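Please brief me on one helix pair and one set of paired strands in the structure shown here.

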Amino acid sequence: MTARINRPLLLACCAVPIVIFLWTVFAMSTNTPFQDDFDALLEPVLLLHSQDFLWAGFWRALYQQDDERRIVVDRLIAYLLYTFNGELNLKLMVIGGALNLLIVPAVLYRWFKSTATSLVLMVPIVWVLFNIQFYETIFWAMIPFQHLAVFVWAILTMWLLTRGTRATLLGALATGLLTIYADVSGNFILPAGLLALAAQYRWREAAIWLLVLGIVSGFYFTGLEMPAYRPKFSDNFSNPFQIVLVLITLFGIWADPGPTFPMLFREGLSLAFGLAGLIFVLQLLVKEVKNTVVRKNTLKKDSAFLWGTLGFITIVLLVLASGRASEGLETFFNPRYRHMYLFWIIFSYLLAVRYNPVWFRSSVVQNTLVAGSVLFCANAYLMYWGGLDKYRKTFLIDAYQWYHNRSLPSSPIYLSLRKRVDDIYEGVYKQGIYHPEKYPFETLPDAPVEGKIEVALHQADGGVDVSVANVARGMGKNDGAYLIFRADNGETHILPTYHRQRPLHRLLLDGSYYYPDAQMDRYATDYFKSKAFEVEVGIIEGKKQYRLITGKQLRL
């Protein structure tokens with residue numbers, strides 16, 4: 001079967017989703033800090049720039065706790081980018097993190113070659129992995145080399161660890177170190193790797209692994225404190241049934257059809273697929289445990305790689321479920337977590353390929369898997385493009401609003417942390433460490449007037465909401481309606497409106513991705529300095545920009 005494969009066609013099938021994914025990352029990423037980027041990336045680089053180089057100070061800046069974790073690798077990459085590029089370009093962090101994901105198909109290609117498995121069966125993996133449903137993981141500058149990289153490097157580590165040579169053991173120790181210092185969840189590579197080595201009866205290597213990474217992990221947790229605002233484990237464990245329900249659902253969220261479907265349907269489908277997948281994996285695990293523990297057979301290296309990696313993913317999901325269960329099941333459908341579920345289904349699929357090869361010998365099955373994965377990828381772009389569009393505008397508006405008005409629309413908590421954030425932001429500007437984006441909407445206040453429009457303005461509870469009716473928008477990344485609040489003294493605030501996506505059946509019937517009505521996210525009135533503002537609507541349609549007069553005023 002392998003000999004009859006058209007290799008150029010196979011390469012093209014794998015290249016298409018990767019090229020589309022990387023093009024999307026390049027086109028939609030921005031050089032803008034967002035929320036935790038300030039203290040996670042900008043502050044350490046500013047600190048290192050402002051002091052004489054000393055190893056103690058260098059390490060302290062990288063090692064300082066961020067939230068409930070340490071992100072040493074993330075900060076090191078940011079500093080190296082600044083050092084070699086002359087400035088900290090956060091868009092390069094995003095692009096670099098996306099390119100880092102290519103390690104996964106490279107490792108899996110080696111696995112397919114090692115097991116003499118048809119490479120046709122690798123094609124679905126690429127289409128499932130390279131899409132935008134985890135856009136919050138990719139496009140937020142600090143996340144690609146943290147939440148995403150920890151899985152990528154864990155997969156690479158497990159591959160090297162299970163090869164059984166001295167060189168690959170040393171390589172696994174090095175990438176294991178990288179995994180641990182990417183994110184706190186990277187520490188789970190220690191028990192996962194230990195189990196993989198034990199199953200191979202490689203006790204000497206297991207001792208080395210435990211000693212070296214045990215020291216690294218111990219050093220990582222020394223002085224690490226859980227922030228008071230995080231839910232306590234006792235709060236989550238007060239309802240163990242909820243944890244079990246969440247955990248089983250996590251194993252099936254890869255089957256979630258998308259945010260335009262009813263949440264109850266999404267949760268039920270995910271729960272059903274999660275339960276089925278868990279039963280499948282557990283019955284294979286029971287057989288393998290009997291084979292290795294009872295019959296004393298050594299687990300083959302290519303199987304150990306799968307089980308070790310799946311063990312790492314499972315531990316992470318278990319901790320996620322037990323640590324966030326009190327926040328409710330809906331929380332786990334967030335795009336921030338969706339890469340984890342994709343890795344789970346990919347390695348569950350590889351277990352099926354490994355242990356039940358007869359299922360996949362038919363060309364009909366292979367072609368169905370490829371076609372299904374293409375549809376899966378297409379659906380991901382269709383379902384999550386609107387979310388990505390909003391995410392990008394949120395970044396740009398935050399950066400623009402801070403620069404001109406010292407406000408962060410997406411982060412009301414900024415009002416209580418203003419001095420620290422302002423010191424960081426002003427510091428990187430003054431020192432030339434960071435240079436701002438060009439904002440496509442900043443010329444809207446001077447755009448020509450081309451008519452009038454009705455808006456509904458509502459002010460209450462320290463915030464203002466504005467909705468705009470019948471303002472259709474195109475699919476351009478900057479297209480849409482923007483609220484312009486203009487005071488007589490020149491104070492101007494620009495805030496985007498967002499459209500709801502049409503569900504699939506409405507999209508097919510109406511031929512439009514968005515509903516025509518648009519809504520501005522609530523904006524804190526404390527950000528306004530003046531007492532009265534004229535309210536206008538700026539429209540971007542491709543390269544065309546114009547304004548519409550509302551006749552409304554905001555009075556504070």
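Helix α9 passes helix α10 in a left-handed crossing, meaning that the near helix is turned anticlockwise from the far one by less than a right angle. This is a predicted model, in which local features need pLDDT of at least 70 and side-chain atom pairs count only at pLDDT 80 or more, while totals for chains, interfaces and linings use all residues. Residues are numbered from 1 along each chain as its sequence is written, and side-chain values use heavy atoms, with hydrogens and water left out.

**Helix pair**
- The axes of α9 (residues 144–161) and α10 (residues 166–180) come within 8 Å and cross at roughly 165°, the axes being lines fitted to C-alpha atoms over the stretch in contact, with angles from 0 to 180 degrees between N-to-C directions.
- The two helices are therefore roughly antiparallel to each other, a term for angles over 145 degrees.
- Contact (heavy atoms within 4.5 Å) involves residues including Trp-153 and Leu-160 in α9, and Leu-169 and Thr-175 in α10.
- The residues of this contact divide into nine nonpolar, six polar and no charged, with Gly counted among the polar ones.

**Strands**
- β4 (residues 480–486) pairs with β5 in the antiparallel sense over five bridges, where pairing requires at least two DSSP bridges, and Leu-483 stands opposite Leu-495 in β5.
- Five residues separate β4 and β5 in a hairpin, and Gly-490 in the turn has a positive phi of about 100°.
- β5 also pairs in the antiparallel sense with β6 (residues 514–520), over four bridges, and Tyr-498 has Gln-519 in β6 as its bridge partner.

How values were computed. Angles under 35 degrees count as roughly parallel, over 145 as roughly antiparallel, 65 to 115 as roughly perpendicular and the rest as oblique.
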